[in-house]
Amino acid sequence: MPLSLFASADAPPKTDWPYFQKLAELLPEPFFHTSNFLLFFLAVLAVYWTIPRRWQMARIWVLVVASFHFYAAWSAELAFLVTATTLADYLFGRLMDATDRQKVRRAVMVTSIGMNLSILCYFKYRGFFLNELHDLLVAAGRDPGYARLDMKAIALFVPFGISFYTFEAISYAVDVYRRKIKAETSLPRFLLFILFLPHLVSGPIVRAGDFLTQTRRPKRWNWVRVQVGVQLLLMGAFKKMAIADRMAVFCDPIFHEPDRYNTGAVWMAVLAYSIRIYCDFSGYSDMAVGLAHLLGYKLTNNFNMPYLSKNVGEFWRRWHISLSSWLRDYLFIPLGGSRGSNLATCRNLMITMTLGGLWHGAAWSFVLWGVAHGLLLVTHRQFAAFAKTRPALDAALQTTVGTGFRILLTFFSVSLCWVLFQPDLFPNPQKPDLILNGFERALAMYKQMFGLHMGLPLPLHNRSLWYTAGFVLICHLLVTRGAWQWVYDRLPAPVLGAGYAACLCAAMLLAPDSGSSFIYFQF
Amino acid sequence: MKLTPRLALLFRPARVTPAGPARRARRRRAAVAVGVGLALAVLLQAGLGLAAEFSLYLRDPGYADKELRLRKQFAAHPGAPSVVMLGTSRTGYGFYSARIREAMAAGLGGRAMAFNFGIPASGPVGHLTYLRRLLADGHRPGLLLIEVLPPTLAALADGPLEARFLHGERLRRGEVETVIGYDFPAEKTRREWVRSVTVPWHALRFPIMGRVNPSSLPWHLRYDWSRTEDPAGWTTPMVTDLTPAQAEAGLTRAAGEYGAILADMHPTGGGARALADLLALCRDQKIPVRLVLMPESEGFRALYPPATTERLYAFLAELEAEYGTPLIDARGWLPAAAFTDGHHMLRPGAEAFSDRLVREAILPFFRGR
C-alpha cells in the first residue's frame, strides 16, 4: 500500500478571499525569526503600546485580532476553525459554571474534551488510522478499494499547533470542572488565552490559571521586561538559525537515507540531531517567551538544560516542561500516578509515555519513541529502587564521576531514542529509493550504527559539528555553574547591548543555506 | 454620558506601584542595554553593507581574488605581451596560464603574461560585468580570450542560465539594472541586492564564511574557489586518476545539467545579447578579442542536436562578421580521456589544450602585430 494513501496535504488550502490572500503574501511563513514576521510584530507592538494603559481591554482585542491574522495569513479557513472551537470552549466553560449539578458539569466537560479530541483526530490522526484500517482489511482479503479514490482531493492539512491548543482547551475544561479555576467570563480574554500568537503555533502549552490572571493585570512598559524579551528573542533566533539549522545540514540527509552513509557518519548524525532538536524547539520556545515578554506576558519556561539530566525522569522534568507537566497532571495522575503498586505505576508510566509519543505524530515511529521513553522511565525507577538498597553503589553514583557517567548515559539513551523520532515521508519521485516509513528508516539507522558499514562520510566537514557541540556544552556548563549569571549581573549595560548586537549578527552569519521549518510545527 | 459597565471597564485606570531606586537603576540599565544593542545592530548592518558596496572582497570574492592576482601578474610583467581569458569553470581548469606564459615567452623571445580569469557558473553577462570592472581598475590585456559556453546563450524561462548563480548580492548597485537588462529576474535580483546592503550579515554570510571557515559550508556555497588556484589564476584539477565508471557518471551528471537546455537551444537570450555587447565594448576599447569554444568530449558533443549546433555556429558567425572576432573552435581538440565529465579538463587535457591554443592562436596573434 502506498504510504500516501491518506496523506496530509503538503500545504494549507488556498483561500478565495482576496484580503487573506494579500495577508498570506505579506506573512508567508509563521516563523518568528523571519523578517516579515518581525515587521508584523513590530507593527503589533507599536499599536499595542500606543493604546493607553487604562484601556486594557482594547489592548487585548488588538492582540486577539493580531493573533487571528497571524494564523489566517497561513490559512484563513483554519483560523476560523480555531476561533470557532475556542468560542465553543468558552461557552462550555460558562455552561459548567452556570450549574452546580455535577452530572451536567461532567457531561459538558466530556463534550468539550470530545469536541477538541475529535477535531484533533480528524485532522491529525485520520490518515494514520485509515491507513491501518486499510492494511487490516487488505490483510483480511477485503480490500475496501481506497486506492481508487482521489487522495489529493481528500487530503487534509494538519493545522499548525493543533496539538498544543487542543491540550490548552482540554486543561481549561478539566480545571473548570474540578473548580480549580472559575470559567472565564470575558470572551476576548478567553480568545487571547488560546489564540495568543507567541504560543499559538507551537506552545508552550499554557494553563488557563496562569494566563488568564495575567490578562487582568494592566500592562505597563517595563524596560527590564523588554530587555528579557529581546534577550530571549535573540537567544532563540541564535539557537534556531546558527545551531539547529546548521545541525540539520549534517543530520537531515543521513536520517533520510541512512544506508548510503558510513557508520561513523550515522553516529555523528545522531549527535547532530540531538543538538538540533533541542536547539530547534528550545529556540522556538525562547522566542515565544521573549515575544510574550515584549507584550507584557509571561509564558512558562519550556526547557531547563535537559541534556544535563542525570536520569530520564529528570530529563522529562527539564524537556518540553509544559507538555510533560500537562501529561503528568491530566493523564498520569488521573490514571493513578505513583500512588498504587509498583506494577500499576509502571503501567501508568507506559500509558502516559505511549500516548505522549502518539501526541507528537501520527506514525508508529512516534508511538515507539514514546514506548522507548516509557521503558527507560520504568527501568530507571527499578534501578533507583535497587540502588537505594545498596548504599555503596548509591554513593558511587553520587560522586562527580558517577554523576558525569549518569549524565552521559542519559544523553546516550535519549539520543538513541531520537532515532525513532521520525515522521513517515511521502513518495518523492526524484528519490525513489527513499525509505518512507519512519520506523523502517529508524531501523536502517540502527543497522548502520551497530554494524561496521562503509559509505559516504558526513555531508560537511565534521569540524563544524564538533565546534557546535562544544559550544553548546560550554554554554550549558557556564549556566549550570552560575558563571553566566555572575558575569551578566556585572556587565555594564553598553557591553550587554553590544553582546545583543553581536548575537544578532552571529545568528545571521551562521545561518545555513535555507532555514528549515521548526520540527515541532508538525505536531 | 453614562457608559455601560463593560465599556467602562475599557477606560478603568490601572493601579501603578511607584518604583524604588534599585528598580529604577535596573530599568535604566535595561533601557541602555536594549538601546545600545539596537543602535549597534543597525550600525553593524549599515557598516558591513557600506563596506560591501565599496569592496568586492566581501561582495564577490570569486572576482575580487582573481582581480588581485591579475593585478600582481601585471605588476610582475610590466609591458609584456599579455593574454587574459575570461570564462567559466571550463576555462578555470583548462587554461593553464603559467604554461601558456612560458610558451609565449619562448615563442616571442621575451617576457609574457597569461592569466586565467575563469569563474565557475559564469556567462556572458558576468563576463561583461567583470570586464567593465577590470577596465575601471585599469587592467587592459594585450589579447582577450572569451569563452563561449553555449548553454549560457539560451533563452530560458527564468532568464540566462548564469542568473541562477550570479545573485544580486554579488553585484554593485550600478550593475543591478544592467543585468536585469539581460533578462535577469528583476524583482529577485533587486531584492537580493537590497538585502545585501540592509541585512548584509545574512545576505553575505556565504562569502564571509567562505573566507573565515570554508569547511563549515557545503561545496556549492563556498566562495573560496581561489584557494585551489595558482598565482596565474589556473585551478589545478583535483582529480588525477579517473576510472571509466567515474567518467561515465560525470558525463551523466553533465548531461543532466545541460542536456535539456541544449536539446532545443536558441542563442537569443540575454546571454547572447550580453556577448554581443561584450564584443562591442572590446571594439570601443580597442581590445583584441577571440571567442573560444572550449574542448568537449565526443559524448558531451552528442548532447547538441544538429539544429542546435547549426544555430550556435550561425550566431557565432554573425558575431564574427559584425565585430571581427575570430572564433577558436576547440570543441574537438581533446579525446574523452582528457575530461572528468566530458567538459572539465584533467591536467593532461589542460596541458594539451593550452599548448595547442598557444601554437594556433596566441603566438600567431602576437607575431602578427
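This is a predicted model: local features need pLDDT of at least 70, side-chain atom pairs count only at pLDDT 80 or more; totals for chains, interfaces and linings use all residues.
In helix α8 of chain A, the residues Pro188(A), Arg189(A), Phe190(A), Leu191(A), Leu192(A), Phe193(A), Ile194(A) and Leu195(A) are buried, where buried means under 20% relative accessible area, exposed over 50% and partly exposed in between, computed with a 1.4 Å probe and protein chains only. Helices here are DSSP runs of H or I with at least four residues, strands are runs of E with at least two, and both are numbered from the N terminus. Because eight of the nine residues of α8(A), which covers residues 187-195, are buried, this helix is largely enclosed by the rest of the structure. Its buried residues are covered by elements of chain A that include α3 (56-72), α4 (76-98), α7 (162-177), α9 (197-200) and α10 (208-216); contact means heavy atoms within 4.5 Å.

Residues are numbered from 1 along each chain as its sequence is written, chains are lettered from A and ligands numbered from 1 in the order in which they are written, and side-chain values use heavy atoms, with hydrogens and water left out.

Chain A as a whole contains 22 helices and zero strands. Its radius of gyration of 24 Å agrees with the value near 24 Å for a compact globule of 523 residues; the radius is taken over C-alpha atoms, and the globule rule is 2.2 Å times the number of residues to the power 0.38. The C-alpha trace of chain A spans about 70 × 65 × 55 Å along its principal axes, and 56% of its 523 residues count as buried. Among contacts in chain A with a separation of 6 or more, 76% involve residues 24 or more positions apart. Chain A exposes about 23100 Å², with 66% supplied by carbon and sulfur atoms, the areas coming from the Shrake-Rupley method with a 1.4 Å probe and, for residues, only the protein chains shown counting as cover.

The largest nonpolar core has 150 residues, of which Tyr297(A) and Trp418(A) touch the most other members. Helix α12 of chain A (residues 263-294) gives the largest share of this core, with 20 residues. Such a core is a set of buried Ala, Val, Leu, Ile, Met, Phe, Trp, Tyr and Cys residues joined through side-chain atoms within 4.5 Å. Beyond its neighbours within four places in sequence, Trp418(A) contacts Phe255(A), Tyr273(A), Ser274(A), Ile277(A), Tyr307(A), Phe315(A), Trp319(A) and Trp369(A). A second, separate core of 59 residues includes Ile180(B), Ala274(B), Ile287(B) and Leu291(B).

Chain B has 16 helices and five strands. The radius of gyration of chain B is 27 Å, well over the 21 Å from the globule rule for 369 residues, so chain B is more spread out than a compact globule. Along the principal axes, the C-alpha trace of chain B spans about 100 × 45 × 45 Å. Of the 369 residues in chain B, 53% count as buried, and its accessible surface comes to about 16500 Å², of which carbon and sulfur atoms hold 59%.

Two residues other than glycine have a backbone detail worth a look. Met305(A) has a positive phi near 45 degrees and is found in the loop between α12 and α13 (312-318) of chain A; its relative accessibility of 15% makes it buried. Lys286(B) also has a positive phi, about 55 degrees, and is found in the loop between α13 (270-285) and β4 (289-293) of chain B, but at 70% relative accessibility Lys286(B) counts as exposed.

Another loop residue of chain B, Tyr223(B), is found between α11 (205-212) and α12 (244-263). With 18% relative accessibility, Tyr223(B) counts as buried. Leaving out residues up to four places away in sequence, Tyr223(B) touches Pro61(B), Arg170(B), Phe206(B) and Pro207(B). The C-alpha atoms of Tyr223(B) and Arg111(B), 112 residues apart along the chain, are separated by 32 Å.
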